[in-house]
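Please read the following points with the structure open beside the text.

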Amino acid sequence: MATYKKRGYKPKTKKEKEEVIEENSATAEVFNTLDESASKTEEWFVKNQNYIIGVIAVIALVVLAYLGYKKFIAAPQEKEAMNEMYQAKKYFDDAASGISSDSLFTMALNGGEGKYGMLDIINEYGGTPAANLANYYAGMAYLNLKDYQNAVSYLGDFSSDNKIQNPMAKGAMGDAFVQLNQLADGLDYYEKAFKANTNDYTTPMFLMKAARIAIRLEDNQKALDYLNRIKTEFSTSTEAGQVDVLIGMVEAKL
């Protein structure tokens, strides 16, 4: 058992003197070990200092290059791309409103009046947010032009966390697959669409589309689950007005 010794305490017995010698020896050994470790660390640093400084310099250069790229290249390029996309977006919006839709969807894709189309934006400004958004509009334009393979291709290249565009893109891919008679793929993308975000617009829309395709695939229990979800969770939606008839039809098959 250790005992407390006051400062200035002098050992009296032989045993106490031996204990003091052992304590001093142990303390000296600890300090010697620390000195040796510090010395080895210092030696290692001196030996490898050029390498260490080189690594730090490379990291610093990479960070500065990235910041420089973002500020002086990426940001101006993105602004330019968005400006170039303005006319193509206007063609798309006018076409979606029903104004000479086929010709305007084509102009949205290929450009007109000396302005870029969505395909030009994708090719000229690849990797920018504008090019990503152009994939969405190109895919939607191809879907409206009944070019379903290209619709799937361009919509598949689009990615977003937007609460509406994300499910709409996946749902549009479902529409394209259904038109290509790939019903299982269509159902898969309708399911991805209503799972992408829960809201009163896209969720009941794609639940209904998924239910209808599930019926065609004779997966009646899945169809019933989706229809009941519309009825209970989205009772004020347009789709809710259609579910009772479909539920009755599906239940008759079970």
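1. The chain contains 10 helices and zero strands, where helices (H or I, at least four residues) and strands (E, at least two) are DSSP runs numbered from the N terminus. Its pattern along the sequence reads α-α-α-α-α-α-α-α-α-α.

2. This is a predicted model, in which local features need pLDDT of at least 70 and side-chain atom pairs count only at pLDDT 80 or more, while totals for chains, interfaces and linings use all residues. Residues are numbered from 1 along each chain as its sequence is written, and side-chain values use heavy atoms, with hydrogens and water left out.

3. The average pLDDT (the predictor's confidence in each residue, from 0 to 100) is 83 for the chain, and 70% of the residues score at least 70. Over residues 64-74, pLDDT stays under 50, and the model has four contacts beyond four places in sequence for them. A contact means heavy atoms within 4.5 Å.

4. Of the 254 residues in the chain, 35% are buried, that is, under 20% relative accessible area (1.4 Å probe, protein chains only). Among contacts with a separation of 6 or more, 50% join residues 24 or more positions apart.

5. Helix 7 (residues 183-196) has 14 residues and reaches 20 Å from its first C-alpha to its last, close to the 20 Å expected at 1.5 Å a residue; the expected span is 1.5 Å times one less than the number of residues.

6. Which residues of helix 7 are buried? They are L183, G186, L187, Y189, Y190, E191, A193 and F194. Their cover includes helix 6 (165-179), helix 8 (202-216) and helix 9 (220-233).

How values were computed. Buried < 20%, exposed > 50% of the residue type's maximum accessible area, 1.4 Å probe, protein only.
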